[in-house]
Amino acid sequence: MAESTWSLPFLSHSPPSSSSSATETTSPTPSQPHALIILNQPFSLPLLHLVWRACTWHCCADGGANRLHDVLKCTPAGVDERSLLLPDLIKGDLDSLRGDVTEYYASQGVPIVHDPDQYSTDLMKCIHILSDKEKTEGITYDIIILGGLSGRLDQTVHTLSLLHKLRKSRKHIYAISDDNLAWVLDKGEHHIRINHELLGPTCGLLPVGIDSTSITTRGLRWNLTDCISSFDGMVSTSNHLLPGEDVWIKTTKPIWWTVELRTLR
């Protein structure tokens with residue numbers, strides 16, 4: 001099996017400084033198209049700018065639109081940032097979407113799609129509509145999920161479960177919060193390019209959704225060599241990146257890789 005390389009191009013686009021124009025948030029994106037799905041969990045404005053500018057398609061999952069609406073303010077020049085960072089779509093069962101947010105985005109021409117299906121979550125509904133878009137365009141997007149790693153435990157476990165299953169059909173799908181960046185590493189060998197200005201120092205390799213796996217690593221403070229990891233045994237948490245080094249991981253089963261996100265300014 002060929003080694004997978006994770007270059008994380010969306011982390012190479014620094015958020016605009018406090019003196020920058022809000023319109024700069026739309027400037028340039030990585031060559032591989034990225035899609036942003038915003039969940040109903042809190043996030044900072046610098047994190048929003050970081051991931052928004054890396055994506056060409058932006059979708060709010062139900063109450064995620066509340067979060068987007070509320071985090072954006074007027075710039076020192078008096079410009080309403082909400083009108084500059086409009087999502088391409090709001091979708092879900094809409095049980096969390098506030099009336100004032102619905103009214104605002106409807107007035108801006110943002111499509112708001114009610115999907116009452118109770119057998120799929122709002123996140124799943126957004127991924128489904130992105131899949132339809134991909135079929136129409138003939139391209140595949142890398143997905144960045146803003147949220148999904150904090151708040152209610154059942155929702156966090158859903159994120160872990162869904163991305164574990166999606167690894168079979170999607171190569172690159174990430175979950176990010178103000179504290180962490182995480183994604184599933186399928187069985188095999190992985191080279192992870194580390195932007196040390198934004199990531200670290202702590203990291204973890206989590207055997208979620210499997211019975212056990214054998215893990216070997218390079219580039220960590222406490223490296224593993226053919227180490228058996230399971231929920232009943234050893235789990236590598238609170239490990240550390242080595243300054244200036246990338247990370248190499250070999251695993252015999254899918255695992256979650258999580259790395260601390262430094263405070264953005």
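## Helix H1

The buried residues of H1 are Leu47, Leu48, His49, Leu50, Val51 and Trp52, where buried means under 20% relative accessible area with a 1.4 Å probe and protein chains only. Because 6 of the 8 residues of helix H1 (residues 45-52) are buried, the helix is largely enclosed by the rest of the structure. Helices (H or I, at least four residues) and strands (E, at least two) are DSSP runs, numbered from the N terminus.

The cover over these buried residues includes strands S2 (34-38), S3 (57-61), S6 (142-146), S7 (173-176) and S15 (255-261), together with helix H2 (64-71).

## Basis of the model

This is a predicted model in which local features need pLDDT of at least 70, side-chain atom pairs count only at pLDDT 80 or more, and totals for chains, interfaces and linings use all residues. Residues are numbered from 1 along each chain as its sequence is written, and side-chain values use heavy atoms, with hydrogens and water left out.

## Annotated domain

An unreviewed UniProt entry carries the annotation "domain: Thiamin pyrophosphokinase thiamin-binding" for residues 188-255; such annotations may be inferred rather than shown by experiment. Across residues 188-255 the chain is 49% strand and 0% helix, and the end C-alpha atoms are 10 Å apart.

How values were computed:
Buried means under 20% relative accessible area, exposed over 50%, partly exposed in between (1.4 Å probe, protein chains only). Contact means heavy atoms within 4.5 Å.
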